[in-house]
Amino acid sequence: GAALGGMLGGTKSWGVDPDSTESYEASVERGAVLIIVSGSEHELREASASLKTTGPESIQSYSYPQSQA
(Lines give C-alpha, C1' and ligand atoms only; values in the text may rest on other atoms or scores of the structure.)
Protein backbone atom coordinates (compact mmCIF):
# COMPACT_ATOMS: atom_id res chain seq x y z
CA GLY A 1 0.00 0.00 0.00
CA ALA A 2 1.91 3.01 1.30
CA ALA A 3 5.35 1.85 0.17
CA LEU A 4 4.05 1.08 -3.30
CA GLY A 5 2.28 4.43 -3.51
CA GLY A 6 5.44 6.23 -2.49
CA MET A 7 7.52 4.38 -5.05
CA LEU A 8 5.07 4.92 -7.89
CA GLY A 9 4.54 8.54 -6.85
CA GLY A 10 8.03 9.25 -8.17
CA THR A 11 7.08 8.12 -11.67
CA LYS A 12 5.69 11.58 -12.47
CA SER A 13 9.26 12.89 -12.57
CA TRP A 14 9.97 10.17 -15.16
CA GLY A 15 7.29 11.54 -17.48
CA VAL A 16 4.49 9.11 -16.51
CA ASP A 17 1.10 10.80 -16.28
CA PRO A 18 -0.67 10.56 -12.88
CA ASP A 19 -3.63 8.57 -14.28
CA SER A 20 -1.27 5.85 -15.49
CA THR A 21 0.50 5.78 -12.14
CA GLU A 22 -2.80 5.12 -10.35
CA SER A 23 -3.62 2.36 -12.82
CA TYR A 24 -0.20 0.74 -12.32
CA GLU A 25 -0.57 0.90 -8.56
CA ALA A 26 -3.99 -0.79 -8.69
CA SER A 27 -2.67 -3.51 -11.02
CA VAL A 28 0.32 -4.26 -8.79
CA GLU A 29 -1.95 -4.41 -5.74
CA ARG A 30 -3.97 -7.07 -7.61
CA GLY A 31 -0.80 -9.10 -8.14
CA ALA A 32 0.54 -7.82 -11.48
CA VAL A 33 4.24 -7.24 -12.02
CA LEU A 34 5.51 -3.80 -13.01
CA ILE A 35 8.84 -3.64 -14.82
CA ILE A 36 10.52 -0.28 -15.38
CA VAL A 37 13.35 -0.09 -17.90
CA SER A 38 15.66 2.83 -18.59
CA GLY A 39 18.24 2.93 -21.36
CA SER A 40 19.20 4.07 -24.82
CA GLU A 41 16.70 3.88 -27.68
CA HIS A 42 18.38 0.68 -28.85
CA GLU A 43 18.27 -0.88 -25.38
CA LEU A 44 14.62 0.06 -24.96
CA ARG A 45 13.71 -1.55 -28.30
CA GLU A 46 15.53 -4.73 -27.24
CA ALA A 47 13.80 -4.73 -23.84
CA SER A 48 10.40 -4.19 -25.46
CA ALA A 49 10.98 -7.05 -27.91
CA SER A 50 12.03 -9.37 -25.07
CA LEU A 51 9.10 -8.41 -22.87
CA LYS A 52 6.62 -8.94 -25.71
CA THR A 53 7.56 -12.64 -25.72
CA THR A 54 6.11 -12.98 -22.20
CA GLY A 55 2.55 -12.00 -23.16
CA PRO A 56 2.36 -8.75 -21.20
CA GLU A 57 -0.92 -7.00 -20.43
CA SER A 58 0.66 -3.85 -21.86
CA ILE A 59 3.95 -2.19 -22.70
CA GLN A 60 4.09 1.57 -22.38
CA SER A 61 6.85 4.02 -23.19
CA TYR A 62 7.37 7.42 -21.60
CA SER A 63 10.00 10.09 -22.19
CA TYR A 64 11.69 12.05 -19.48
CA PRO A 65 10.45 15.64 -19.34
CA GLN A 66 12.97 17.90 -21.12
CA SER A 67 14.08 19.43 -17.83
CA GLN A 68 14.99 15.94 -16.53
CA ALA A 69 16.85 14.65 -19.60
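Visitor: Which residues make the nonpolar surface patch of about 370 Å²?
Guide: In a nonpolar patch, residues have over 30% relative accessible area and no salt bridge, and their nonpolar side chains are joined within 5 Å. The model examined here is predicted. In this model, the patch of about 370 Å² is made by Trp14, Leu34, Ile36 and Tyr64.

Visitor: Where in the chain does isoleucine 36 lie?
Guide: The chain has three helices and zero strands, and its elements run α-α-α from the N terminus on. Helix H2 covers 18–29 and helix H3 covers 41–52. Isoleucine 36 lies in the loop between H2 and H3.

Visitor: Which element gives the most residues to the lining of the largest pocket?
Guide: The largest pocket has a volume of about 1200 Å³. Its lining holds 32 residues, and Ile35, Ile36, Val37, Gln60 and Ser61 lie nearest its centre. The elements that give two or more residues to this lining are H2 and H3. With six residues, the element that gives the most is H3.

Visitor: What percentage of the residues in the chain is buried?
Guide: Buried residues are those under 20% relative accessible area. The chain has 69 residues, and the buried part of them amounts to 14%.

Visitor: What share of the contacts with a separation of 6 or more comes from residues 24 or more positions apart?
Guide: Contact here means heavy atoms within 4.5 Å. Among contacts in the chain with a separation of 6 or more, residues 24 or more positions apart account for 55%.

Methods
Residues are numbered from 1 along each chain as its sequence is written. This is a predicted model: local features need pLDDT of at least 70, side-chain atom pairs count only at pLDDT 80 or more; totals for chains, interfaces and linings use all residues. Side-chain values use heavy atoms; hydrogens and water are left out. Patches are made of residues with over 30% relative accessible area and no salt bridge: like charges are joined within 9 Å, nonpolar side chains (Val, Leu, Ile, Met, Phe, Trp, Tyr) within 5 Å. Accessible areas come from the Shrake-Rupley method with a 1.4 Å probe; for residues, only the protein chains shown count as cover. A salt bridge is a side-chain nitrogen of Lys or Arg within 4 Å of a carboxyl oxygen of Asp or Glu. Helices (H or I, at least four residues) and strands (E, at least two) are DSSP runs, numbered from the N terminus. Buried means under 20% relative accessible area, exposed over 50%, partly exposed in between (1.4 Å probe, protein chains only). On a 1 Å grid over the protein atoms alone, a cavity is a set of points where a 1.4 Å probe fits but cannot get out, and a pocket is an open set with protein on both sides within 12 Å along at least five of seven lines; lining residues have an atom within 4 Å of a point. Grid points are joined across faces, edges and corners, and a volume is the space filled by probe spheres set on the points.
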